[in-house]
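Subject: Structure handover and notes

Hello,

Here is the structure I said I would pass on. Please look through it alongside the notes below.

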Amino acid sequence: MKILFSGIQPTGKLHIGNFFGAIKNWVNIQHDYKSYFSVVDYHSITIKYDPEEMRERVMDMAVNLYACGIDMEKTNLFIQSEVPGHADLTWIFNSVTPMGELERMTQYKDKAQQNAKNVNVGLFDYPVLQAADILIYKAEVVPVGEDQVQHIEFTREISRNFNSRFGQTFPEPKELLTKTPRVLGIDGEKKMSKSLGNDIGLLESGEEIMNKLRGAKTDPARVTRNDPGNPDVCNIYSYHRLVSHEDERSEVVDGCRSAGMGCVDCKKILHKNLMKVLDPIRDRYENINKNKVSVREILTQNAEKCRRIAKQTILEVKEKMGLNPLWKI
Ligand code: AMP
Ligand code: TRP
């Protein structure tokens, strides 16, 4: 079985962009690979945060992933900082990483701009830690949203740099995108993101979501109810593609093009279909939350398994790098 790795930052609540852009895919393919999923808390400390909140957010993200359908026991869902090998390999990779490559990273440039008062070395080094996450398990497949493609390309480069200097050790992992690798926010303009406030939370109530949908952008050319619209440029229709069945989609398309259906009715159909996906996730979340202790136990066991595997890679790497002098005596 090929090895799969993906990570997610414990940045508050998940939104439907995370779910349809990445996590749904993780759930669908988790048993086709030897899968590792990590709540990457060491990545999250590169921007300002509150320690009390962080404690909550890390556990909450694990519970969220479980509720979304990640099989915590058969796959390895774990907390990144509980496996020290990730940080160990990051330091090693730092020495085969050209500064210029990191300076090109668009996520770094964006975040440095957003957090101009706290541009720390960790933020700059973030992609190296990500490469270490993936390569410490020698993963070949990395299911992510489109915004992470540059980091996976970078990971391949680190792998090549290490291999050419110290001998074949790591694979060159490939990103795996979904059919919807970039879900737009309700503003219809930017990528859905919690920090932009244009998101629909995975655990929000039906009422909250309907309120957000009411204000969500549609085809800008459809000014009044009687103007025909174009689903191809309507962001609401892009959401229909995520959750609505073909029959209902063609009904919506015809209704929009002929102005037979108004945007409000179109949004109501979307809402009904969206809640069919989200209601069971919220129910599961509430149930699992009542038994967080058992989630904590599984995370602990998984971290232990990961530590064993990570250690093997670290030993192999150190041997190749000449960092094991006593072994030769
Ligand atoms: P993050 O919350 O930034 O750690 O992202 C977790 C996963 O969700 C990553 O694989 C991202 O690429 C993906 N993701 C985040 N936002 C979106 C979006 N708006 N559309 C599609 N995928 C996304
Ligand atoms: N940088 C990723 C994000 O913001 C999270 C992440 C960290 C990750 N390590 C990873 C994703 C390894 C895939 C593989 O979404």
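Predicted model: local features only at pLDDT ≥ 70, side-chain atom pairs only at ≥ 80, totals over all residues.

Residues are numbered from 1 along each chain as its sequence is written, chains are lettered from A and ligands numbered from 1 in the order in which they are written, and side-chain values use heavy atoms, with hydrogens and water left out.

Ligand 1

Ligand 1 is surrounded by 16 residues, a residue being near if one of its heavy atoms lies within 4 Å. The closest are Gly145, Asp147, Pro181, Val183 and Met192. Helix α1 (residues 16-29) gives the largest share of this shell, four residues. Helices (H or I, at least four residues) and strands (E, at least two) are DSSP runs, numbered from the N terminus.

Polar contacts are pairs of N or O atoms within 3.5 Å; within protein, one must be able to donate a hydrogen and the other to accept it, and residues adjacent in sequence count only if both atoms are side-chain atoms. A polar side-chain atom of aspartate 147 is 2.4 Å from an oxygen atom of ligand 1, and one of asparagine 18 is 3.2 Å from an oxygen atom of the ligand. Glycine 17 has a backbone N or O atom 3.4 Å from a nitrogen atom of ligand 1. On its own ligand 1 exposes 490 Å², of which the protein buries 90%; accessible areas come from the Shrake-Rupley method with a 1.4 Å probe, and for residues only the protein chains shown count as cover.

Ligand 2

Around ligand 2 there are 14 residues, of which His43, Tyr126, Gln130, Asp133 and Gln148 come nearest. β1 (3-8) and α7 (121-135) each supply at least two residues of the shell, and the largest share, four residues, is from α7. For aspartate 133, a polar side-chain atom is 2.7 Å from a nitrogen atom of ligand 2. The protein covers 90% of the 360 Å² of accessible area that ligand 2 has on its own.

Helix α11

Helix α11 (residues 246-257) has twelve residues and spans 16 Å from first C-alpha to last, close to the 16 Å expected, which is 1.5 Å times one less than the number of residues. Its buried residues (under 20% relative accessible area; exposed is over 50%, partly exposed in between, 1.4 Å probe, protein chains only) are Glu248, Val252, Val253, Gly255 and Cys256. They lie on the same side of α11 because they cover an arc of only 170° around the axis, taken from the directions from the helix axis to the C-beta atoms. These residues pack against α10 (235-243) and α12 (263-289). The face turned away carries the exposed residues Glu246, Asp247 and Asp254. Just after α11, alanine 259 has a positive phi of about 65°.

Two loop positions

Threonine 97 sits in the loop between α4 (85-94) and α5 (99-103). Threonine 97 counts as buried because its relative accessibility is 13%. Its side chain reaches the backbone oxygen of phenylalanine 93 at 2.7 Å. Neighbours within four places in sequence aside, threonine 97 is in contact with Leu102, Val128, Phe154 and Ile158, contact meaning heavy atoms within 4.5 Å.

Alanine 116, in the loop between α6 (106-114) and α7, is exposed, with a relative accessible area of 59%.

Regards
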